[in-house]
Amino acid sequence: MTRRKLVAGNWKMNGSLAALGELDAIAAAADAAPAVDVAVAVPATLIGPAATRVPGLAIGAEDVHERDAGAHTGCISAAMVAEVGASFTIVGHSERRADQGETSQDAWAKAAAAHRQGLSVILCCGETEAERNAGRAERVVQAQIEKSVPDNADGSWFTLAYEPRWAIGTGRTPTLEEIGSIHAIARAKLRMLIGDAADGVRILYGGSVTGENAATILAVEDVDGALVGGASLTAAKFVPIIEAAAGV
């Protein structure tokens with residue numbers, strides 16, 4: 001099955017109203033690459049302004065709460081981000097697993113909540129450096145997928161992202177063979193869980209993706225795109241990744 005490449009940016013706790021000007025060139029690059037899907041997740045305060053500024057670009061939330069509403073001070077529901085213009089959300093990001101103690105069960109609940117509200121979902125999985133060094137990377141990723149992926153997941157709304165935690169923001173990446181191995185294992189695990197629907201689910205790679213290494217990473221079998229952190233903050237760094245995806 002041919003799956004469209006997806007290049008998704010995650011601004012994390014960065015950005016401002018002034019920084020939204022970067023989205024103009026990103027949106028233009030997306031228009032110039034019609035075979036590639038491009039999306040950017042921004043801080044919650046910027047979702048509405050971003051969606052208004054570049055209505056043709058998919059704008060998303062970096063996280064949502066698993067409940068639709070309630071006494072959860074400081075949290076934001078999927079319904080809230082959808083109302084202001086988000087079309088997707090990221091859940092289970094490694095930084096939230098590490099810093100906020102989120103579990104795979106939390107990621108499952110957030111994915112389900114987002115789907116209820118009509119949002120697409122990018123669900124993250126990945127091992128720590130200690131887990132990789134101990135030879136446990138494959139088992140960790142398989143376990144996270146098993147506990148995180150909703151039973152009704154399919155490619156119309158669900159995307160998986162493999163992001164080795166030790167590669168995020170460090171400038172280090174796994175070898176192409178290591179990336180391909182984990183993506184193949186992830187695909188096989190998805191088939192066990194959701195059957196033939198797994199063939200329509202895109203699996204992204206995330207972790208120090210740049211304009212320089214994007215083409216080789218995106219050419220690896222079962223790598224259907226990239227989840228990009230720091231390089232998505234500026235058009236100068238993000239656009240070359242979009243162009244690399246268009247050329248694969």
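This is a predicted model: local features need pLDDT of at least 70, side-chain atom pairs count only at pLDDT 80 or more; totals for chains, interfaces and linings use all residues.

Q: OK, and which residue forms a salt bridge with Arg-3?
A: The partner is Asp-222, and the closest N and O atoms of the two are 3.2 Å apart. A salt bridge here is a side-chain nitrogen of Lys or Arg within 4 Å of a carboxyl oxygen of Asp or Glu. The pair links distant parts of the chain, since Arg-3 sits in the segment before strand E1 (5–10) and Asp-222 in the loop between H9 and strand E8 (225–228), 219 residues apart. The element names come from DSSP runs, with helices (H or I) of at least four residues and strands (E) of at least two, numbered from the N terminus. Asp-222 also counts as buried, at 17% relative accessibility.

Q: How many salt bridges does a search of the whole structure find?
A: The search finds 18 salt bridges. One of them joins Arg-202 to Asp-37, with the closest N and O atoms 2.7 Å apart. Arg-202 lies in strand E7 and Asp-37 in strand E2 (residues 36–42), so this pair ties together parts that are 165 residues apart in sequence. Arg-202 counts as buried at 16% relative accessibility, whereas Asp-37, at 24%, counts as partly exposed.

Q: And which residues do salt bridges with shared partners join into one network?
A: That network consists of Arg-3, Arg-187, Asp-222 and Asp-224.

Q: Arg-187, then: which residues of H8 are buried?
A: They are Ile-179, Gly-180, Ile-182, His-183, Ile-185, Ala-186, Arg-187, Lys-189, Leu-190 and Ile-194. These buried residues pack against helix H6 (129–133), helix H7 (137–148), strand E6 (158–162), strand E7 (202–206) and helix H9 (214–218), where contact means heavy atoms within 4.5 Å.

Q: What span should helix H8 have?
A: The expected span of a helix is 1.5 Å times one less than its number of residues. For the 19 residues of H8 (residues 176–194) that gives 27 Å, and the end C-alpha atoms are 27 Å apart, which agrees. After H8 comes Gly-195, whose phi is positive, near 70 degrees.

Q: What about H7, which residues are buried there?
A: In H7 the buried residues are Ala-137, Val-140, Val-141, Gln-144, Ile-145 and Ser-148. Seen down the helix axis, they fall within an arc of 130 degrees, so they line one face of H7; the arc is that of the directions from the helix axis to the C-beta atoms. Their cover includes helix H4 (94–99), helix H5 (104–116), strand E5 (120–125), H6, E6 and H8.

Q: Changing topic, how many aromatic pairs are there?
A: The structure holds two. Rings of Phe, Tyr and Trp (its six-membered ring) pair if their centres lie within 6.5 Å, and planes under 30 degrees apart count as stacked, over 60 as edge-to-face and the rest as tilted. Trp-157 and Phe-158 have ring centres 5.7 Å apart and planes at 70 degrees, so this pair is edge-to-face. Tyr-162 and Tyr-205 have centres 6.2 Å apart and planes at 55 degrees, so that pair is tilted. Both Tyr-162 and Tyr-205 are buried.

Q: Last one: how many residues has the largest nonpolar core?
A: It has 68 residues, and those with the most contacts inside it are Leu-23 and Leu-57. Such a core is a set of buried Ala, Val, Leu, Ile, Met, Phe, Trp, Tyr and Cys residues joined through side-chain atoms within 4.5 Å. Helix H10 (residues 235–247) gives the most to this core, with seven residues. Apart from this core lies another, of 11 residues, among them Ala-8, Ala-39, Ala-41 and Cys-124.

Definitions and conventions
Residues are numbered from 1 along each chain as its sequence is written. Side-chain values use heavy atoms; hydrogens and water are left out. Buried means under 20% relative accessible area, exposed over 50%, partly exposed in between (1.4 Å probe, protein chains only).
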